Structure formats: C-alpha cells, structure tokens
Amino acid sequence: MNDLSVTAQKQWHLPKHFFKLLVISLILLAVCIFASLAFGSRAIAMNDIITGLFNADVQTHEANVVRQRIARTVFGLMCGAALGVSGALLQSVTRNPIADPSILGVNTGAALFVVCGIAFFNINSSAQFIVFALAGAILTAIFVYGIGAMGRGGATPLKLVLAGAATSAALSSLVMAVMIPRSSVMDQFRFWQVGSVGAGTWDSVTVFIPFLVVGLIIAVVTAPALNALALGDEAAKGLGVKTGTLRLIAALGGVMLCGVTTALAGPIGFIGLLAPHLIRLMIGPDLRFMIPMSAISGAIILSISDVAGRVLGSPGELEVGVVTAFVGAPVLILITMKAKMRAL
Amino acid sequence: MKQTHTFRTDNLIAGYDQTPILHNIDVTIPSNEISIIIGANGCGKSTLLKTMARLIKPTAGEVTIGGTPIHKIPPKKLARVLGLLPQTPIVPEGITVTDLVGRGRFPHQSFMKGWSQKDYEAVSEAMDIMNITEFADRHIDELSGGQRQRVWIAMALAQQTDILFLDEPTTYLDITYQVEILDLLTDLNRKYGTTIVMVLHDINLSARYADHIFALREGKLIAEGDPSSIITSPLIEEIFGLKCTVMKDPISGSPFVVPIGRHHNKVRKHS
C-alpha cells in the first residue's frame with residue numbers, strides 16, 4: 001500500500017521529464033531573449049547589449065538600439081505566451097487537437113471589426129484596436145458556438161470546427177468587401193493583417209499586461225476541471241464539472257488572450273496550435289503542466305520566429321506572422337494527418 | 001463500508017429534444033446491492049441510467065437522494081456520493097494510467113488545496129482493486145480492451161462514491177473480460193458495500209450478477225425484483241419479443257435464458 005502510494009505520488013505529481021523540459025525551456029528562453037536583443041537588421045555585440053541594458057547613462061547608437069529592442073522582445077514574449085495558452089484553452093474547450101483561434105474563426109471576427117473600425121470609425125490607437133478586436137473575437141466565438149450547439153448532441157468538436165471554418169470564410173469576404181473600395185483602409189490594414197511584433201512598444205506592453213494576467217489566471221484555475229472535461233462531457237459531469245459554465249469561462253479566457261494579441265500585433269497564426277501540441281507530445285495531456293509550458297514554449301516559438309524574420313529579411317525584416325505561417329503550415333498538415341489516422 | 005442512501009425516482013419522465021423516452025418511472029435503487037437494468041434496444045434503459053446519474057434533466061418528475069432532488073445538490077458534492085462510468089468515455093491522447101485514474105479525484109479537490117495524501121491513497125487503492133498497479137506508467141493506448149476498461153472503472157473508484165452507475169461496462173469486450181469485469185464489480189460490492197447500478201446487454205450475465213433487476217419495455221418499468229423470481233419466459237417474451245425457455249444456470253443456479261429461434265429445434269417442431 002505504501003509502495004503503491006509512493007508510485008502514484010511520483011507519477012501523478014509530475015509528468016516524466018517535466019523538470020528536464022522546464023530547465024531546457026528556460027535556457028532556450030534566455031537564449032531567445034539574448035538573440036532578440038542582439039540580432040536584427042544590425043547585429044550588436046555582447047558588450048554593447050550589456051551596456052545598453054544596465055548602463056542607462058551611455059547614449060551610444062548601439063545602446064539605444066538595444067533599449068528599443070527590449071520593448072519589442074518583451075512584447076513578443078507576451079504575445080507568444082498568450083497565444084500558446086489561448087491555444088491550449090481552446091483545444092480543451094472544443095476537445096479538438098487542431099482547434100486554433102484562426103481555425104475557429106475568432107481571428108477573422110477580430111479582423112472584421114478592426115477593419116470596420118478603421119473604415120467607419122477612424123480608430124488608430126491600440127486601446128481602440130483592442131476594443132474592436134475583442135468585441136469581434138467574442139461575438140464571433142459566441143456565434144460559432146451558437147451554430148455549433150444547434151441540433152442534437154450540442155456543440156461537438158466537429159460541429160464547432162465546421163461552424164468556425166464556414167464563419168471564417170464568410171467573414172473574410174466581408175473583410176474584403178469593406179476594405180477593397182477604400183485604399184487608405186487597405187494600407188493601414190495591410191500592415192496590421194500580417195502580424196508583427198515590430199511595432200511593440202512599452203505602451204503596448206502596458207496595455208497587454210492586465211489581459212494577459214487575467215487570461216493566465218483563468219487558464220490555471222480551470223486546468224483541473226478541463227482535465228476532467230478531456231474525458232468526455234458525460235464523464236466530466238459524473239465528476240461534478242459544470243461543463244457549460246466551464247466551457248464558457250475557459251473559452252472566454254482563450255478568446256480574450258487571442259483577441260488582445262490579435263489587436264496589438266495582428267493575427268499571428270499557428271503558435272496557438274503548435275505550442276500546446278509540442279508540449280502534449282513531450283509531457284502528456286495534464287493541463288496543470290501543459291498550460292505553463294505552453295506559455296513558455298509559445299514565447300520561445302514566437303521569439304525564434306521574430307529573430308529569424310529579422311535575420312532572413314535583412315536589411316528589412318520579415319513579419320513574424322509570415323514566419324510562423326511558414327513553420328506552422330507543414331506542422332498543421334502533419335498533425336491533421338496523424339489525427340485523421342487516429343480517428344480512423 | 002459505504003453509506004446507505006435512499007435513491008429513487010418519482011414519476012420520472014425524460015428524453016431527448018422534448019420526445020419522452022421514459023414514462024412515469026418509479027424506482028427505488030436497493031442500497032448496497034447490484035442492480036441491473038435490462039430491456040431491448042431503444043427501450044430507454046440507458047436514458048434511465050443517465051437521468052439517474054444527472055446527465056439528462058428530467059422533463060417531469062424527480063430523481064432524489066435522501067429526499068433531496070439531485071439537481072439541487074451542488075455537482076461537486078453530488079459527485080462525492082454518486083459516480084458514473086459512461087459507455088464511451090474519451091481517452092486523452094498520450095495519457096498514462098495513473099493520470100487517468102487520478103482524474104477521478106476531481107470532486108474531492110479544490111484549487112487551493114491540490115493533492116492530499118488521501119488522494120494518493122484513493123488512487124493507489126483503486127488501482128489495486130482493479131489489478132492495474134503494474135500498468136501505472138503505461139499509456140492507455142498500449143492496453144487491451146479489458147485492461148482499458150479496468151482502468152476506467154478504477155477512475156470511477158478513485159472517486160470513492162457510495163453509488164456507482166455504469167453504462168454497459170462490458171460492451172465490446174470478449175466474454176472472458178466480461179466475466180472478469182463483472183467479478184471485480186461484485187468484489188467491490190461485497191467488500192465495500194458499494195451500490196452498483198448498471199445497464200447490461202447480456203440477459204444471462206445480468207441474471208447471474210444482479211441482486212435486483214429492473215426490466216424496461218418502451219420506456220415503462222414492467223417488472224423488478226430478484227432475478228430468480230422475475231425472469232420467466234413470458235417476461236422475456238414481453239421485453240424482447242423473443243420466444244425462449246428458462247433453465248437453471250448449472251453454475252450459479254440463477255435463471256438461464258435459452259432463446260428459441262426458427263432453426264436447430266430438436267425438442268419439438270417449431271409451431
């Protein structure tokens with residue numbers, strides 16, 4: 001009995017290799033931060049990075065560039081973490097491994113509202129972008145859920161994804177309809193639409209913080225109940241989970257995280273899909289561990305993509321949304337093929 | 001020893017999308033016994049089980065435990081008394097046996113407290129009862145159907161409820177595993193006094209393992225009682241529309257239903 005409970009304890013407490021993975025991730029994260037400060041259209045030496053970081057009096061060109069890159073780096077890490085956690089939440093809520101804010105149509109909804117905001121209400125500050133993107137994201141999520149929940153069996157994962165894809169297609173054409181006749185909107189929107197953290201400033205970081213904190217708290221608090229939901233709705237109800245309320249709260253958290261990120265950086269695809277998936281492969285499906293690790297790995301993936309975009313696109317830069325799409329699309333295809341084989 | 005509860009349904013009407021499947025069901029579940037619900041496909045036996053296990057909200061009537069309607073009890077509190085193993089639960093990809101069984105502890109935990117010694121003990125005890133301790137670190141995908149079902153039952157056991165509902169726990173299993181699962185559930189009932197309510201397809205295994213049988217036909221309860229007194233050929237014909245003869249099971253002494261088809265009839269010519 002004692003031996004047994006020790007085994008159970010060891011096993012249950014931490015997934016295999018959890019600590020190893022955590023340490024490796026943190027080291028990788030540190031490397032990414034360093035790389036993000038050092039590389040760009042202009043590479044900067046170690047000395048100058050340290051001077052720029054810790055010696056506020058020095059006003060060399062290099063030191064200033066480093067300081068400018070700090071805001072961008074912090075902003076990028078936050079976006080990555082938010083997207084990673086958002087993906088983990090939405091995948092749990094829909095119980096679908098390929099659920100991603102963009103697949104569920106939430107991103108397109110946010111985009112439509114932002115376009116309408118630019119076209120009809122002349123919005124231009126990050127706060128206004130957030131309000132419009134969030135409203136769009138939430139309304140789209142409710143709409144998609146509403147369609148998915150119609151008919152027998154409620155909102156099954158498959159129905160949700162179908163509803164999301166259909167809605168997404170319809171909303172994209174609306175985005176085009178609003179944008180194409182207005183060239184000024186198109187210019188402003190074009191930059192936003194690609195998804196970039198290059199415009200990240202301390203202002204965007206400050207605006208982001210409260211949303212990120214609330215979203216992370218929601219994710220951590222709902223994790224045990226989402227673990228139960230993973231066993232199916234009936235089993236979850238048998239364990240005392242209020243499945244409707246749980247879905248609502250967790251989805252709201254996921255949609256908010258992705259909506260705000262989208263508002264500030266534009267739609268950055270695939271990180272919400274990729275980060276949780278990689279983590280699940282490595283440490284298993286326990287959300288209490290998956291959620292913090294998805295945040296860290298999301299941040300890593302985004303900073304790697306951002307740095308890669310800067311180096312590859314030199315002397316200009318490639319927006320991070322383009323890079324993540326390049327990396328993410330093949331991975332999505334692999335995952336879908338695997339999921340299909342499992343389902344069959 | 002598990003506690004005794006008065007668990008009953010009063011004039012229960014339930015179904016999907018406003019179409020009633022159950023009509024005025026009044027049953028009292030015998031405490032600390034094994035009850036099995038039998039009936040033909042579509043007779044509402046799963047619906048009855050699900051309504052009693054609060055998966056389906058009744059359109060009229062009530063399910064009560066100790067006189068309190070179950071939907072008025074906070075779900076987590078109810079889940080400490082009443083456990084459920086659905087017919088087709090979902091296996092999260094890459095989950096280990098211990099992780100899955102551990103998820104049965106959800107109703108006993110709160111966010112601030114996390115995992116207690118009691119939780120660990122409940123998990124290892126449940127794995128012990130179901131003989132799956134040796135698989136603790138394995139992935140569910142690597143197990144056979146019978147082993148997998150034992151893991152699911154262990155998950156429900158870790159919940160440590162007085163009452164356990166199981167929706168066709170032996171479906172899709174080979175006969176060997178069916179008997180194994182039913183034996184383990186009987187151990188559980190005899191040793192701890194757990195009240196077990198389940199839906200089974202096999203009438204003869206039901207007659208052997210049940211202390212109490214509820215027979216349904218078209219959403220109505222048409223007979224209940226201990227198997228030896230209620231399982232007769234007229235009843236089976238009424239429930240399933242099947243002509244049969246009822247013998248004594250040579251091993252258990254319980255009623256044994258032998259169907260009469262149109263062929264292979266050596267006793268008398270088919271009329």
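**Strand S8 of chain B**

Mentor: Start with one pair. Ile36(B) sits opposite Met198(B) of S8(B). Keep in mind that this is a predicted model. Met198(B) also has a bridge partner in Leu166(B).

Take strand S3 of chain B, residues 34-38, to begin with. S3(B) and S8(B) run parallel and are joined by 4 bridges. Next comes strand S7 of chain B, residues 163-167. S7(B) pairs with S8(B) over 5 bridges, again in the parallel sense.

Now the burial. Look at the directions of the side chains. In a regular strand, side chains alternate between the two faces of the sheet. Here Thr195(B), Val197(B) and Val199(B) point one way. Ile196(B) and Met198(B) point the other way. Residues on both sides are buried.

Last, the contact between the chains. Chain B gives 37 residues to it, and chain A gives 28. On the chain B side, the elements giving two or more residues are helix H2 (75-78), strand S6 (82-85), helix H3 (97-102) and helix H4 (117-129). H4(B) supplies the largest share, 5 residues. By type, the chain B side has 18 nonpolar, 10 polar and 9 charged residues.

Notes: Residues numbered from 1 in each chain as written. Chains lettered and ligands numbered in written order. Predicted model: local features only at pLDDT ≥ 70, side-chain atom pairs only at ≥ 80, totals over all residues. Buried ≥ 20, exposed ≤ 12 C-beta atoms within 10 Å, placed from the backbone. Pairing = 2+ DSSP bridges. Contact = placed C-beta atoms within 7 Å. Nonpolar A, V, L, I, M, F, W, Y, C, P; charged D, E, K, R; others polar.
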